[in-house]
Amino acid sequence: MSITTKKESVLVLDASAKSSISVVESCASMGLNVIAASHKKYCCGFFSKATKERIVYPSLEKQPDECLKFLLDLLQKRQISVMIPLGHFMTDFIAKHQDEFRKYIKFVMPSYDIFFKGLSKIPTLKAAEQIGCPIPKTWYPQEESLEDIAHKVIYPVLIKPSVTVGARGLTYCQSADELLDKFPKIQAGYGECFVQEFIPQTGTQYKCAIVVGYKQELLSAIAYAKLRYYPPNGGSSTLNKSVCRPDIIQSSLNMAQYLKWVGPCDFDYITDPRDNVTKLMEINPRLSDTYKMASVAGLDMTRIIYQLAVGQTPQPQLDYQKDKYLRFIFGDIMWFLTSGPNRWKAKPSFFDFFRRDTTELMTGNRDLGPVLGYFLENISILWDKEARQFRLKRHG
């Protein structure tokens, strides 16, 4: 049943994000007219059968001013009820310019000062320390000299940019000389950085997606394990499993409430195999690529996000199905090709293609359109040198 009395329109930005698949499907199920927008002519969100209209806007990375003007002009001319921004760059862009966008359209997002505390790892980690949420040992060269840090840490350590996407700028150091040599270079290229202990990657990694209301009440949440990822030494997850981890959900809610967050947010954790403590790594103030895990487990977070945007009072959705799997087959193939001999011992097996408890990210609703869009998008990258270089940096 539609939750609207007339066919309202929702604008989904950036439709090239994998999270767009679940968003457009949910919006269509609510009886909404789905308008997908991206700077790419070919992408997974454009080819979903749930998408009714496609809009191509100027590249945000190459033409930010033109992109802003295009979107504001669009919203002035069209009657579109709600906007749901996706992807790292677009979500940050909307957050920065939210006062301009709020004149024409509704959406759910905290103020930019709060948003930035989630986007930037240094404020995130300091907030976690304030509320007692476990994090890896971390040192901030803004507060003590790099030389002092270099001579007191136990190696290996990592240099991490405070604001980045994927693994860009992440640098492994095995000695004080290496840290002192590399840190200034990484900071010059990626902005403010910090030093963090290296946690062995043998511990399970987790994600937690939550939606928080205007009074910081928990409206929906799911915790899930990253069973496989590409690159195999730490990257984007290719196989996920919904799990019962109320402690992770509570830690995420505590962080959101401390920051006074509103709307959706995503948290990354890792279990340290040395002490068996699950520690917060970072916050992603957006819908992650594996956002579909929520719908696979029986949650409709997009409905709640929409209801918050239009001023309705959502019914909380807190019970979800455990032991459900979400698989991204294209990424899982890359995992299999690069993960070494352990690939044959993986559970569930890479060759379990027809498990009833497993949903494929791209084709979960028997719609092959997103697969075609994703294929065409990646084929087009072969002719785009800048896009190829960015993809390599992101997974580097």
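Trainee: Which helix holds M334, and how do you know that it counts as a helix?

Mentor: M334 sits in helix α12, residues 329-338. Helices here are DSSP runs of H or I with at least four residues, strands are E runs of at least two, and both are numbered from the N terminus. Some background: this is a predicted model, where local features need pLDDT of at least 70 and side-chain atom pairs count only at pLDDT 80 or more, while totals for chains, interfaces and linings use all residues. Residues are numbered from 1 along each chain as its sequence is written, and side-chain values use heavy atoms, with hydrogens and water left out.

Trainee: Why is M334 called partly exposed?

Mentor: Buried means under 20% relative accessible area, exposed means over 50%, and partly exposed is in between (1.4 Å probe, protein chains only). M334 has 33% relative accessibility, so it is partly exposed.

Trainee: What makes the nonpolar surface patch that includes M334?

Mentor: F330, I333, M334 and L337 make this patch of about 340 Å². Patch residues have over 30% relative accessible area and no salt bridge; nonpolar side chains (Val, Leu, Ile, Met, Phe, Trp, Tyr) are joined within 5 Å, like charges within 9 Å. At 33%, M334 therefore passes the area cut-off.

Trainee: How do you know that D92 and K96 form a salt bridge?

Mentor: A salt bridge needs a side-chain nitrogen of Lys or Arg within 4 Å of a carboxyl oxygen of Asp or Glu. For D92 and K96 the N to O distance is 3.5 Å, so the pair qualifies. Both lie in helix α3 (residues 88-96), 4 residues apart, about one turn of the helix.

Trainee: Are D92 and K96 buried or exposed?

Mentor: D92, at 13%, is buried, whereas K96, at 51%, counts as exposed.

Trainee: What makes D247 and R245 a salt bridge, and how is each one classed?

Mentor: Their closest N and O atoms are 2.7 Å apart, so the pair meets the cut-off. D247 is partly exposed at 40%, and R245 is buried at 18%. By this rule the count comes to 24 salt bridges.

Trainee: Which residues touch the most other members of the largest nonpolar core?

Mentor: F101 and I222 do, in a core of 94 residues. Such a core is a set of buried Ala, Val, Leu, Ile, Met, Phe, Trp, Tyr and Cys residues joined through side-chain atoms within 4.5 Å. Apart from it lies another core of 14 residues, among them L146, A150, V157 and V195.

Conventions: Accessible areas come from the Shrake-Rupley method with a 1.4 Å probe; for residues, only the protein chains shown count as cover.
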